[in-house]
Amino acid sequence: MKPRHLRPGDLPGVLPPGGLTLVSASPAESDLLVAEVAAAGPALGAMRFSGIFVPGLNKATWSAGPEASILTFFQTPELKREGQRSRFLPLCYHDILRHYRRNPPAAALMMCSPPDENGHCSFGAETAFIAALWPEIPVRIAHINPLMPRTPGDPGIPFSKLTGYFESAQPLRTMNGGTDAISEAIAALIAPFVPDGATLQTGLGKIPDAVLRALGGHRGLRLHSGLIGDGALALVRSGAMAAGPSALAGVAIGSAELYAGLDHPHFQFRPVTVTHDPAALARIDKLVTINSAMEVDLYGQVHAEASSRGFMSGPGGAGDYARGARASDGGLRIIALPSSAGSSSRIVPAAAGHGPVSLSRFDVDLVVTENGVADLRDLGHDQRAQALISIAAPSHREGLARGWRDSMNALKEQ
């Protein structure tokens, strides 16, 4: 059946009430679809909306009628304020996919490009989950956006497979990572640990972007990452990448310049079934993962989801990649973070981090701050603590050392 060209107010006529609805988010959050959902209101019944909502980027709450709710895997301030209406499931990416397999969406609200000469609409800068799941979702409503860049890799969705579609131009959501002296110092410390020919996974933000910019003199590099930012564009333009489609990613979040450059032949956008596949990650030689954290304690445990202000995010894909790098021949797992936040140390006493442990002490090889590198490989408890104290801010080192001695003495007395 030919897709129905939808007009404002038509959504309740094609979107059955209730059930789980997967929505495009990250850079592809659709103002048009958010507004149509709000206008539909109670007609959508007890519908639950779900997607990858990124703190600081996605602010929509997908508010419909009083029975509607939202399922999120990252905690954002806006969804936190929704209270009982919002369910927060802190799952890693591979487990998010498993959750959707066990609880299949009944519908999808997606943003995509206009169809190409073959009739395919590209998912553009957000390919991760929608590209993996759309064939199993019976109702598919698209916001066809002429400003969505067509990206190499995943073929997208045939226009003929849509249930209905709206048309409207909307710039993608942007996030400027920027840079600062601390991020540049951390990047300079990490670069020598990345060998030529390595495959890189990074998180999002100032430090990952600075690291990728610092690798412009390397050769034969590859990217295999769930997320990429502006640093990835700088890297693919630097001449450091291996020939061919060597930069594989699921989602791009960054500046308008990044989105305009996503047609670079090095880029390949693939669904989460490829970017986060444990078996595929284990087969990659020299897989180097570079992720940030809120805090690292003196055991080397990484806290990445909460601060003194409560939960700030979810575990994301860092755990998936840490497990992949552990199995990789020549794999290396790096955690990079500023040594302090205001007057607080981000290297904290043993078992004193905020929130749950996001990466265990078995998931980390190097911890890097602007003060140096703590190489935790083959070290015992005391050696690990001393290595981490040595990269803390100087004003916090004495207190951390004293706290470590006290905690070890307390263990001996038990």
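Rings of Phe, Tyr and Trp, the last taken by its six-membered ring, count as a pair if their centres lie within 6.5 Å, and the angle between their planes sorts them into stacked when under 30 degrees, edge-to-face when over 60 and tilted for the rest. In this model, which is predicted, a search of the whole structure finds nine such aromatic pairs.

One of these is the stacked pair of F49 and W62, whose rings are 5.8 Å apart from centre to centre with 25 degrees between their planes. Because F49 belongs to strand 3 (residues 47-51) and W62 to the loop between strand 3 and strand 4 (69-72), the pair ties together parts that are 13 residues apart in sequence. F49 counts as buried, at 0% relative accessibility, and W62 also counts as buried, at 1%.

Another pair, F88 with F311, is edge-to-face, with 6.0 Å from centre to centre and 65 degrees between the planes. This pair links distant parts of the chain, since F88 is in strand 5 (residues 86-88) and F311 in strand 19 (residues 310-311), 223 residues apart. F311 is partly exposed, with a relative accessible area of 37%. Elsewhere, ring pairs join F73, F74, Y93, Y100 and F129 into a cluster.

Turning to the sheet, three strands form an open arrangement in the order 17-16-23, with mixed pairing. Strand 17 (302-303) and strand 23 (347-348) stand at the edges and have a single partner strand each, so one side of each is left without a neighbour in the sheet. Strand 16 (residues 295-297) pairs with strand 23 in the parallel sense over two bridges, and I347 in strand 23 is the bridge partner of V296.

Notes:
Residues are numbered from 1 along each chain as its sequence is written. This is a predicted model: local features need pLDDT of at least 70, side-chain atom pairs count only at pLDDT 80 or more; totals for chains, interfaces and linings use all residues. Side-chain values use heavy atoms; hydrogens and water are left out. Helices (H or I, at least four residues) and strands (E, at least two) are DSSP runs, numbered from the N terminus. Buried means under 20% relative accessible area, exposed over 50%, partly exposed in between (1.4 Å probe, protein chains only). Two strands pair if DSSP finds at least two bridges between them.
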